[in-house]
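Colleague: I have a chain here that I would like to discuss. Could you take me through the model?

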Amino acid sequence: MAVAILAAAAVQVEASRRIERARRIKNGSVRVNMISMWVFGAVLTLPLAWVAVVTVLLSAHDVLRSGHGQRSFPHRKVMNAAAMVLAAWTARLVLDAGGVPVLAKATQLAAVPIVVVAVAALVFFAVDCALIAVSLLVDDERQRSVAGLFGSADDNALELATICLGAVIGLVLVYQPIALVFLFVPLFVLHRGVLVTQFKELATKDQKTGLLNAATWREVAARELTTADTAGVLMVDLDHFKRVNDTHGHLAGDEVLKAVAATVRRSVRDYDSVGRFGGEEFVVLLPGLTSADVLAIAERIRRAVADLRVPLSGTVLSTLSASIGVATYPSSAAGIDELVHAADTALYRAKRGGRNRVVSSLTVCDTRTG
């Protein structure tokens, strides 16, 4: 059985290694891979000692073939494999506690054993995910977000799907091993579909901040204006951002951009469109609001940026400020390009007027810290 799992997994890795390599490069992560399904299949069909052997061999083959050419962190790959072994052990404990032995043709597949297998799959997923998050937290000095520690929703959906497929693989191996050949095409299509989704996201998102990129924001904003009676556009620019890069380095500058992007995103409604316009400049579309409401939100963002504390290596940056230009539809302009130009002109006035303030394109309205 172990030989069958290893052989099938090797075929799957070889068939899809270019897709997996591209997925990891684009996603910037190696925490989720397709071998989980083979490991969970082994949990259902092999003694624990053989599960550990299968996991180590599959992990080594996966790293050598799919990971070639990527930045290497050998200790992290070892931690990933160790986490999967411990997750497999925990899942086996769940199966034993539920009275489900290693699958054999004599196993009765009643409702209760199926539920126990499902619980074991969820436990496998949760333990593996938690152990990798802990290892990243201990090993990496950078402050990671929840998504950075536990992976994105798409990553976790893929991981859970592969573990569920592992249950199917275990049943197929026990009852009709030759039927395993029918799984390779669906696996390949699933893998490729995940990659296509990631490419689509990369084409619309700014990779440093996770906000919409400039081109996508413009498309979304233009579409929103066709149905909006009123709207506001904000151009938000960090003051003296070059000093951050010169003083703390460009990696620290990237952390500041991420923190400011998250602050702007939190300061507006869920359905408002927020994008990175370039460099240290952000753009926001606020549909359905009056001029007064738009100015109030702009002032809220300015104050939130001024209150921001960004932890950097060895220090906390607390001297940030932003200048914001405001334009409103249809008062300032009727088209998205004209609105952006009006907001940008107002932003220039805010910069010229001393920074750390909100300036409207329509009036002499100028708010700043006292």
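Colleague: Which residues is Leu 180 in contact with, leaving aside its neighbours within four places in sequence?

Modeller: Leu 180 is in contact with Ala 8, Trp 38, Ile 169, Val 172 and Leu 173, where contact means heavy atoms within 4.5 Å. Please note that this is a predicted model, in which local features need pLDDT of at least 70, side-chain atom pairs count only at pLDDT 80 or more, and totals for chains, interfaces and linings use all residues. Residues are numbered from 1 along each chain as its sequence is written, and side-chain values use heavy atoms, with hydrogens and water left out.

Colleague: Which residues have the most contacts inside the largest nonpolar core?

Modeller: They are Trp 38, Phe 40, Leu 95, Phe 124 and Leu 180, in a core of 40 residues. A nonpolar core is a set of buried Ala, Val, Leu, Ile, Met, Phe, Trp, Tyr and Cys residues joined through side-chain atoms within 4.5 Å; buried means under 20% relative accessible area, exposed over 50%, and partly exposed in between (1.4 Å probe, protein chains only). Another core, of 33 residues, lies apart from it and includes Val 244 and Leu 308.

Colleague: Turning to charges, how many salt bridges does a search of the whole structure find?

Modeller: The search finds 11, a salt bridge being a side-chain nitrogen of Lys or Arg within 4 Å of a carboxyl oxygen of Asp or Glu. Asp 237, Asp 239 and Lys 351 are linked in a network of them. The closest N and O atoms are 2.6 Å apart between Lys 351 and Asp 237, and the N to O distance is 2.8 Å between Lys 351 and Asp 239.

Colleague: Are Lys 351 and Asp 237 buried or exposed?

Modeller: Both are buried. Lys 351 lies in helix α13 and Asp 237 in strand β1, so the pair ties together parts that are 114 residues apart in sequence. Helices (H or I, at least four residues) and strands (E, at least two) are DSSP runs, numbered from the N terminus.

Colleague: Where is confidence lowest?

Modeller: Strand β8 (residues 366-368) is lowest, at a mean pLDDT of 53, and strand β1 (residues 231-238) is highest, at 96. pLDDT is the predictor's confidence in each residue, from 0 to 100. Where pLDDT is low, the predicted coordinates should not be read in detail.
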